[in-house]
There are 2 protein chains.
Amino acid sequence: MHYTRDNMAGLLRSHDINPTHQRIEIAHALFSRQEHLSADQVMAIVNTRHSETSKATVYNTLKLFLEKGLVREVIVDPSKVFFDPNTSPHHHLYEVDSGKLSDIDAEHVRISGLPPMPDGMVTEGIDLIVRVRRKS
Amino acid sequence: MHYTRDNMAGLLRSHDINPTHQRIEIAHALFSRQEHLSADQVMAIVNTRHSETSKATVYNTLKLFLEKGLVREVIVDPSKVFFDPNTSPHHHLYEVDSGKLSDIDAEHVRISGLPPMPDGMVTEGIDLIVRVRRKS
DNA sequence: TCCGGAAATTAGACAAAGTCCAGATTGCTG
DNA sequence: CAGCAATCTGGACTTTGTCTAATTTCCGGA
């Protein structure tokens, strides 16, 4: 699958998002790379040539994508949030010293023995993060 | 076990930390409560009566405790880091709307099927966070 | 085509968490 | 008591993210 700008409009529409120019650019930045990007990185990518999209729009758009289930939020670094275009079930491997973040397919991972949820609560998600460090 | 200020000096020493007045107060704030606290909360607790400890010291001290393995860092909220006086193996339950964070004993939880670590890497820790939300 | 309103975007002010630094304090140790 | 290293401090600064009021864009109907 190739993620072109043209594809993006359809992808956005299918998630009930009005495909504007800026939203297409931001979606394209995330999906064409298939990488975890911070808001800052998205801004930098989208505005490489000329300044095209404002900070407010980048933040608004990422939050919108999140609400509509187009991307996931990954919280591993205390200083910034990453956005993940992969919404299929998976976990994360975080290399502490380099900051590199990669996926672990959830297919073969099994988590058992979790206690029942507190009353009146529903699980929103289970995040599993494996933190690794370069052997010294 | 009762965590008095007097105990704290020994606890700090046993972790190779010089027990100063400020460090004892900060350790006491965390251990007497056995709760997850943010740097801000620690500051507020330590400075309830008179202002006694500066922001810089609170941050420096928490980082020192972290390095020495006296506390753990819990990253669940994109806006602030929590510090956890419980260093025994356990996971976390995070109530998204209230921000309440509680422990899940690791004893009965089993995680299997994780892929091997990348070459030259060692696991620093595995964080499992169950995010829950009030049923609406 | 023109008009009006709703949705989207924008710049820039603002807020909050955390870092940094240069100077002051503390607490040994001789 | 002097000297020295460790610690602490206020405050300036940085970074991530939010907010707001003003503008721009888009679109449907007359």
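By class, the surface near DNA strand C is made up of six nonpolar, 10 polar and six charged residues, where Ala, Val, Leu, Ile, Met, Phe, Trp, Tyr, Cys and Pro count as nonpolar, Asp, Glu, Lys and Arg as charged, and the others, Gly among them, as polar. Before I go on, let me say that this is a predicted model, in which local features need pLDDT of at least 70 and side-chain atom pairs count only at pLDDT 80 or more, while totals for chains, interfaces and linings use all residues. Residues are numbered from 1 along each chain as its sequence is written, and chains are lettered from A and ligands numbered from 1 in the order in which they are written.

The largest share, five residues, comes from α4(A).

Now to β3 of chain B, which belongs to an open sheet of three strands in the order β1-β3-β2, with antiparallel pairing; two strands pair if DSSP finds at least two bridges between them. The edge strands, each pairing on one side only, are β1 (37-38) and β2 (72-77) of chain B. Between β2(B) and β3(B) the antiparallel pairing extends over four bridges, and E73(B) stands opposite F83(B) in β3(B).

As for the fold of chain A, there are four helices and seven strands, and from the N terminus on the elements run α-α-β-α-α-β-β-β-β-β-β. The C-alpha trace of chain A spans about 50 × 45 × 30 Å along its principal axes. Of its 136 residues, 22% count as buried, that is, with 20 or more other C-beta atoms, placed from the backbone, within 10 Å of their own.

How is chain B laid on chain A? A turn of 179 degrees and a shift of 0.0 Å along the axis do so with an RMSD of 0.1 Å, the copies being superposed by least squares on the C-alpha atoms of residues with pLDDT of at least 70 in both. That is the relation of a two-fold axis.

Terms used. Helix = DSSP H or I, 4+ residues; strand = E, 2+ residues; numbered from the N terminus. Buried ≥ 20, exposed ≤ 12 C-beta atoms within 10 Å, placed from the backbone.
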